[in-house]
Amino acid sequence: YSFTLTVAKDARSHAAAVLVEVVAGSPPAVAIGALPAAKYNKDAGFLQLTGAVNSPLPVTTTWSTEDSDVANVFSAPGGILRPTLANQLSVAIKLAALTEGNVYTLVLTALDGDGQSAFSAVTLTVNESPSSGLVDVTPSTGSALSTAFSFTALNWVDEDLPFTFIFGTVAVNNDGSLDASAPSPFGDARS
């Protein structure tokens, strides 16, 4: 079959054509289950994806990503992260391995015994952390146990509201960086 597209504006036009060959046979039917959420947080552990393949012939399957900034996305048996996984219909994605704010295209491809292939893809969006804000403390100096300090969170931005603010302290490492792995909150969480 030959398909032609003609694009015209005023008296000018241009045409492009493409040939499509229809071959006998029936490629595998491939599907991936719908993702249960629109966005995922990196600290949410793992995301389980399940695919399905329907073919009268034996098939091999491969999970992969398209244009990913992360080389190893799929969790293989033993917890090893790999760029692809073969011959598994169910896979786990380690969300902590992904980059905040990025969108990932996850692809399940099936190849049958006649060499015909088909694929299905889903997109996974990783949520971004709140940004652009600052914390203000009034007064900026004072005495322990006698000065009342007021803490204010200002100008934080995120698509997903409401926020939860928790004020507290963290340890300072020998190199001057902050160790936020074990914060010591004070007061109650606020939205």
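**Exercise 1: Surroundings of a ring pair**

At 34% relative accessibility, F151 belongs to the partly exposed class; the structure is a predicted model. Determine which class F167 falls into, and how the rings of F151 and F167 are arranged.

*Solution.* 
Step 1. The partly exposed class lies between the limits of 20% for buried and 50% for exposed. F167 has a relative accessible area of 22%, so F167 is partly exposed.
Step 2. The ring centres of F151 and F167 are 5.8 Å apart, and the ring planes stand at 40°. A stacked pair requires an angle under 30 degrees and an edge-to-face pair one over 60; the pair of F151 and F167 is therefore tilted.
Step 3. F151 lies in strand β13 (residues 150-154), while F167 lies in the loop between β13 and β14 (168-172).

**Exercise 2: A second ring pair**

State how many aromatic pairs are counted, then classify the pair of W63 and F74 by its geometry and determine whether W63 and F74 are buried or exposed.

*Solution.* 
Step 1. The count comes to two aromatic pairs.
Step 2. For W63 and F74 the centres are 6.4 Å apart, against a pairing limit of 6.5 Å. Their planes stand at 50°, so this pair is tilted.
Step 3. W63 sits in strand β5 (residues 59-66) and F74 in strand β6 (residues 74-75). These residues are eleven apart, and their pair links distant parts of the chain.
Step 4. Buried means under 20% relative accessible area. W63 is at 0% and is therefore buried; F74, at 0%, also counts as buried.

**Exercise 3: The chain as a whole**

Describe the secondary structure, the dimensions and the surface of the chain.

*Solution.* 
Step 1. The chain contains zero helices and 15 strands.
Step 2. The radius of gyration is 26 Å, whereas a compact globule of 191 residues would have one near 16 Å. The C-alpha trace spans about 85 × 60 × 30 Å along its principal axes.
Step 3. Of the 191 residues, 20% are buried. Among contacts with a separation of 6 or more, 51% come from residues 24 or more positions apart.
Step 4. The chain exposes about 13000 Å², of which carbon and sulfur atoms supply 55%.
Step 5. There are 7 positive and 17 negative side chains, and the centres of the two sets lie 4 Å apart.

Definitions and conventions:
Residues are numbered from 1 along each chain as its sequence is written. This is a predicted model: local features need pLDDT of at least 70, side-chain atom pairs count only at pLDDT 80 or more; totals for chains, interfaces and linings use all residues. Side-chain values use heavy atoms; hydrogens and water are left out. Rings of Phe, Tyr and Trp (its six-membered ring) pair if their centres lie within 6.5 Å; planes under 30 degrees apart count as stacked, over 60 as edge-to-face and the rest as tilted. Helices (H or I, at least four residues) and strands (E, at least two) are DSSP runs, numbered from the N terminus. Buried means under 20% relative accessible area, exposed over 50%, partly exposed in between (1.4 Å probe, protein chains only). The radius of gyration is taken over C-alpha atoms; the globule rule is 2.2 Å times the number of residues to the power 0.38. Contact means heavy atoms within 4.5 Å. Accessible areas come from the Shrake-Rupley method with a 1.4 Å probe; for residues, only the protein chains shown count as cover. Lys and Arg count as positive and Asp and Glu as negative; His and the chain ends are not counted. The place of a charge is taken as NZ of Lys, CZ of Arg, CG of Asp or CD of Glu.
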